[in-house]
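Morning, everyone. I'd like to walk through the salt bridges in this one. Please have the model open.

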Amino acid sequence: EISREIIKSLKELNRPSKPLVVIFVGDAPATMSFVSQKEGVCKELGLDFKNIQLNSGVSESDLIDQILEVGGEAGGIIVQLPLPIGIGQERVLSAIPKELDVDLLNEASKQEPLVLAPSVGVVDEIVRRYALDLESLTVAIVGVGRLVGGPISAWLDNRCKKLLLLD
């Protein structure tokens, strides 16, 4: 229900002229499923989507070159995680220009975010929708990974009565 309402409100906004570019490495079914879901939402919103699939043997420098190459033509860039062993995740994510970092995984994006990280945006929407008084609640985060639990726990820190991190 919430996602349908968010999509409906997003449809009312001006559409970006440049595509969302998703770069992923390899052919893991879970990764391909996540990319497919992102493409489906883009289609539903009437947004252009560009999918760049690189083989699992790509070098870190070639992956970074690909990010830099698409930067001028992209409205936003997502590097789908996880990356293969041997590719420096921090270096790769740091190559995404801050203003194009959709997932807010680049350190510069995290320090001065232009928007909420996607996972945090979901929690914020739930808190607002159900008028939750975080200051009176003990909140547990199960898993504090980079994409979901970490950003949510950082956002909740000092907002709730007590924050439990279960990793």
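**Salt bridges**

Start with Arg 129 and Glu 125: their side chains form a salt bridge, 3.1 Å from N to O. By salt bridge I mean a side-chain nitrogen of Lys or Arg within 4 Å of a carboxyl oxygen of Asp or Glu. Both residues sit in helix H6, four residues apart, about one turn of the helix. Helices (H or I, at least four residues) and strands (E, at least two) are DSSP runs, numbered from the N terminus.

Two sentences on the basis. This is a predicted model, where local features need pLDDT of at least 70 and side-chain atom pairs count only at pLDDT 80 or more, while totals for chains, interfaces and linings use all residues. Residues are numbered from 1 along each chain as its sequence is written, and side-chain values use heavy atoms, leaving out hydrogens and water.

Back to Glu 125. Which residue does Glu 125 also pair with, at 3.0 Å? Arg 128, again through a salt bridge.

Now accessibility. Buried is under 20% relative accessible area, exposed is over 50%, and partly exposed lies in between (1.4 Å probe, protein chains only). Glu 125 is buried at 16%. Arg 128 is exposed at 55%. Arg 129 is partly exposed at 30%. Shared partners link Glu 5, Asp 124, Glu 125, Arg 128 and Arg 129 into one salt-bridge network.

Next, Lys 50 and Glu 73: a salt bridge at 2.6 Å, N to O. Lys 50 is in strand S2 (residues 49-54) and Glu 73 is in the loop between helix H3 (60-70) and strand S3 (76-79), so the pair ties together parts 23 residues apart in sequence. Lys 50 is partly exposed at 32%. Glu 73 is partly exposed too, at 35%.

The structure's total is eight salt bridges.
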